[in-house]
Amino acid sequence: MVGFFRKVSDYFRSYIFDSTVNVKNRSFIVFSGAVLVALFAAIPCGLIMREPILATISTFVGAVFFTVYVLISVRYNRLEQAKVSISIILVFVFLPAMYFTNGGAYGGTPVWLLLGTIYIAMILEGRMKIVMLILNMVSMAAYFSVGYFYPDLIIAYDRAGNYFDTMAALVIVSWVIFCLISFQLSLSKHEEADKSLRRLFEQTATALVTAIDAKDKYTHGHSARVAEYSRKIAALAGKSERECDDIYYVALLHDVGKIGIPEHIINKEGKLTDEEYDIIKQHPVLGAQILKGISEIPFISIGAHYHHERYDGNGYPDGLKGNDIPEFARIISVADAYDAMTSKRSYRDTIPQQQVREEFVKCTGTQFDPNFARMMIHLIDIDTEYEMKEREEINELSGKNELSIGDYRSVVSDGILLTQYMTTIRMNVGKNKHTPTRTPNPSIILFDALDGHFHDSDKNIKDMLYLEYGSIWFDGRYELIGARKMVTKTYETDYADAPAQNEYVIKAVREKDHLLIRMIGKKNTSEIIAALPDSIRFAYIGITGEYCRIDNIMVTKDKEINEEPIPRIAEEVSYINVPDGDVPNIQINGYRTSATDGIPVKDGLKIIFHAQSLPTARLVWHCPFINIFTSDDGKVFGENYKDYMLMRLDGECWEGDPACDVTLSIIKNDTFEGWDAWKDFNMAGFDCTVTVSVNKNRITVRTENFGIILKHTALILDDPEQVYIALTGDQSAITNIRIS
């Protein structure tokens, strides 16, 4: 028996100090344990005071019910529901019963009533905490008022009974408070020690990784990026914060085996020989051997050992297949491949996001775990500003320390993306040492390209969908090429804004289809407003000029959206200037940049609309999406938003919240003529009908377009107050929306 209680005590202690468990859940368990002790202690106290046998039985039944309910909630992971249920029972059942059977205001009840307030304050969160605290205060005021005006309703004790009840209440409630305070203090102590150890481990691991990455001049920072991508995927997979941290460190050390690979092989320019490739393939085994000695973190070697295994079994070193590959390694494999494609190599430049996405779609189920590949595709979709790519230490210069420019445009920097966050570029400009007699003349190029780079060859212009908007010089001159219009003015530079000698400053921001660019020199400032062809394409700045040396380039972005409106010099391009249907028309310029308001999901709901891809659409997934979600205000991305299912009309589907299981059915009939024809079909425009059927918590969405029959079913596992459906998409215009 002693061993049993010790085992239970050890389990309880390990649980409440387990940092992978939500701290509110641990507080709930501590509070529940303390209250259970208090309830069972109240039973002999009631017998001593000779309280009515009904009150004693009620206390016993309540204690047993509370014990069973808490155990079931822990067993089936329903702690959130348990917290709310217990708070309601405590405030509206247990405490009023105790008030009216334990002497009212004259016994120990006022002390007992503190339990409700303590519970709500310590356990609940957000809006529910505020609501329950208000209800608790109102209910207590009501109990005391009823007891004052109708004293006959209260079962009173004699003076000795009231005194004993008050003392018992003070002791037991003090015990509860003591447990909670002790828990918080111990928790702080444990977590501080844990943080200290993790900091030490992270610093050691980072130092080791830096040394490894330094061997390979083409993959500098690779391990840190793979670790961050792995953390993002793990978070989407519903992993706890502690599990996300664990996979971060496992991924950080995934390439540790490269420390044993000769440097001349790692840095070889061009294709490796078969013998050299065999040597490279040894680094997973070497990494596992190096890390397996870390016994305190036994799983740390998983990433190093298995990150080159393939889901179809054609990887190395062990040829594992499917779920036989450890989950951490399947996540790291996806993150590693993404960084490899979006980083520079000796034999190629970075691969554009769209092509990387297509590669993940093609390799899902073969090279990559389908679940984690789908999450990587989702991360690509929401990375509208291409933040998840290799960043150079010297911003936007592809590793160069300077730009040495002779003839005009002979050298152009990598593109610097302009967004609604003000971008500031500082740079020093001097004479080119090869043309010392010529006056330096810096300028910028405004352009768009899939890879964010300037191109001047016909092949690259076509392959990278390169579009040049125009060129601008610091004296205010400009050349209009692909932009609709440019307006410029030049004025004296304000003394407070004046850059240092030989320094130039560019401040640029975007608002829909307009750019505002200020090019600040020592004496004059040129302000340019450019109207782009539309709001959809990206806009990059490429730094160039003639007869100059540009160095010390520093690029920073504001953290807040620019509030200064850009004066409009051209009308906004719209593809939805037609009468609205039952719901306002929407134009979606980028991934989910616009959406209809939510339409409450009902059985038999039918949505009919006209859809057309925008002229800039060039990919299969530039099409309408159907979004199943819940939020407090019925709006996409509204308060307490949960994304249950995001269904694209090409058949792809993003299953959002873990509280939803999605089943996909995609059939291509004889009228489907291939994806190129499907894109042409979208570009021409088509009418679409979406039907919804509901069976309890199972929502099925059906639609058909150009030979693709879709039937996606969302099984919602939680219990939202209302589920909504909305239309959104990517580079699409949706008009004449009818609801029936």
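1. Helix 10 covers residues 241–252, twelve residues in total. From first C-alpha to last, helix 10 reaches 16 Å, close to the 16 Å expected at 1.5 Å a residue; the expected span is 1.5 Å times one less than the number of residues. Helices (H or I, at least four residues) and strands (E, at least two) are DSSP runs, numbered from the N terminus.

2. The model is predicted: local features need pLDDT of at least 70 and side-chain atom pairs count only at pLDDT 80 or more, while totals for chains, interfaces and linings use all residues. Residues are numbered from 1 along each chain as its sequence is written, and side-chain values use heavy atoms, leaving out hydrogens and water.

3. Several residues of helix 10 are buried, including C244, D246 and L252. Buried means under 20% relative accessible area, exposed over 50%, and partly exposed in between (1.4 Å probe, protein chains only). C244 counts as buried because its relative accessibility is 7%. C623, at 0%, is also buried.

4. D381 lies in helix 17, residues 370–382. D381 is buried, with a relative accessible area of 6%. Leaving aside residues up to four places away in sequence, D381 touches R357, Y591, W621 and R648; contact means heavy atoms within 4.5 Å.

5. A search of the whole structure finds zero disulfides, a disulfide being a pair of cysteine sulfur atoms within 2.5 Å.

6. The protein chain has 19 helices and 25 strands. Of its 740 residues, 48% are buried. Among contacts between residues at least 6 apart in sequence, 71% join residues at least 24 apart.
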